[in-house]
Amino acid sequence: MRRHVRELVVALMTKPLLCASPSPPPISLSSSNSLSFLRRPPSSSFATMINDNNNIKNDNSQELETIFKQKKLVRSRVRKALKAMEPSLRSHEGNPIINNAVQNLVLGAPWFKSSQRLCAYISCSALREVDTSKLLSQILENPAQDGNVEMRKKKLYVPRVEDKNSHMRMLHISRIDDLVANSMDILEPVPVDGDGNEREDVMQANEPVDLFLLPGLAFDRMGRRLGRGGGYYDTFIKNYQELAKARNWEQPLLVALSYSTQIMDEGVIPVTQNDVPVDALVSSTGVIPISSAALDRSEIGPHKST
């Protein structure tokens, strides 16, 4: 009996078990095939998507770089042309009889006469901008006249640059004395009035602006505008347009003032999606309506805000 039990135990120890799984071979980290699944390249479709995205980014960067170089060349060209102009020509350009021809055209335009609230730049002679002093004086000094819609008192907002990051505000002023020279000798409104009250910011105003009078370095007859590179006006206008849309206001008319030498041929001025086109252009030779809004508001009659 003992012999049979011993033979059975020996048989069980030497016979392979059917339920046991063979042990996997050891993984050698030095093997060229080791952990190859961790180093497996992405599938062809995924890799293609990554490459396409990188190519798009590279193409966009190269395109923007090209546009910025073109803008720099146009700016240099226009600055030289403006510098070559005689100061008297800039004041009387194209019209030796009537002083400040561009401003007179603005003052006589239906869209200006009917405007109630507007934003306007304060010209700087050092930058060789079209003069706006007569416009500002007319707006601020003209008393409201009952029954005369065209000569009603207008509310004026002018720019104040806050920093070097394209941050600019438009603040309300009621007289020329509200302006002081900044570090570049450009006139700006002080943030508070003579009574210590904060000036009204157009972005916090309860009523919409009808009109923007804009400076610039170069323009074309398609509405393209080239600024001086800071992006202040484009940034501000886009923010205001978004505000007007959110409040269901009619968009303001964007009108640029220009010397004839600043008007380029079509296709010369490069633009990006951040550049805001203008609705109309005013030079000493006349008013150039560009958008349908400019054509609509060229009709005589008050501009009604919604």
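In strand β6, Phe212 is the bridge partner of Cys119. The model is predicted: local features need pLDDT of at least 70, side-chain atom pairs count only at pLDDT 80 or more, and totals for chains, interfaces and linings use all residues. Residues are numbered from 1 along each chain as its sequence is written, and side-chain values use heavy atoms, with hydrogens and water left out.

Strands (E, at least two residues) and helices (H or I, at least four) are DSSP runs, numbered from the N terminus. Two strands pair if DSSP finds at least two bridges between them.

| Pair | Sense | Bridges |
|---|---|---|
| β1 (residues 117–120) and β6 | parallel | three |
| β6 and β9 (residues 253–257) | parallel | four |

In β9, Val255 is the bridge partner of Leu213.

In a regular strand, side chains alternate between the two faces of the sheet. Both faces of β6 are covered. Leu211 and Leu213 on one side, and Phe212 and Leu214 on the other, are all buried (under 20% relative accessible area, 1.4 Å probe, protein chains only). Cys119 is also buried, at 1%.

The whole structure holds two aromatic pairs (ring centres within 6.5 Å; planes under 30 degrees apart are stacked, over 60 edge-to-face, the rest tilted; Trp counts by its six-membered ring). Phe212 and Phe236 have ring centres 6.2 Å apart and planes at 55 degrees, so this pair is tilted. Phe212 lies in β6 (residues 211–214) and Phe236 in helix α7 (residues 232–246), so the pair ties together parts 24 residues apart in sequence. Both Phe212 and Phe236 are buried. With Tyr240, they form one aromatic cluster.

Notes. Buried means under 20% relative accessible area, exposed over 50%, partly exposed in between (1.4 Å probe, protein chains only).
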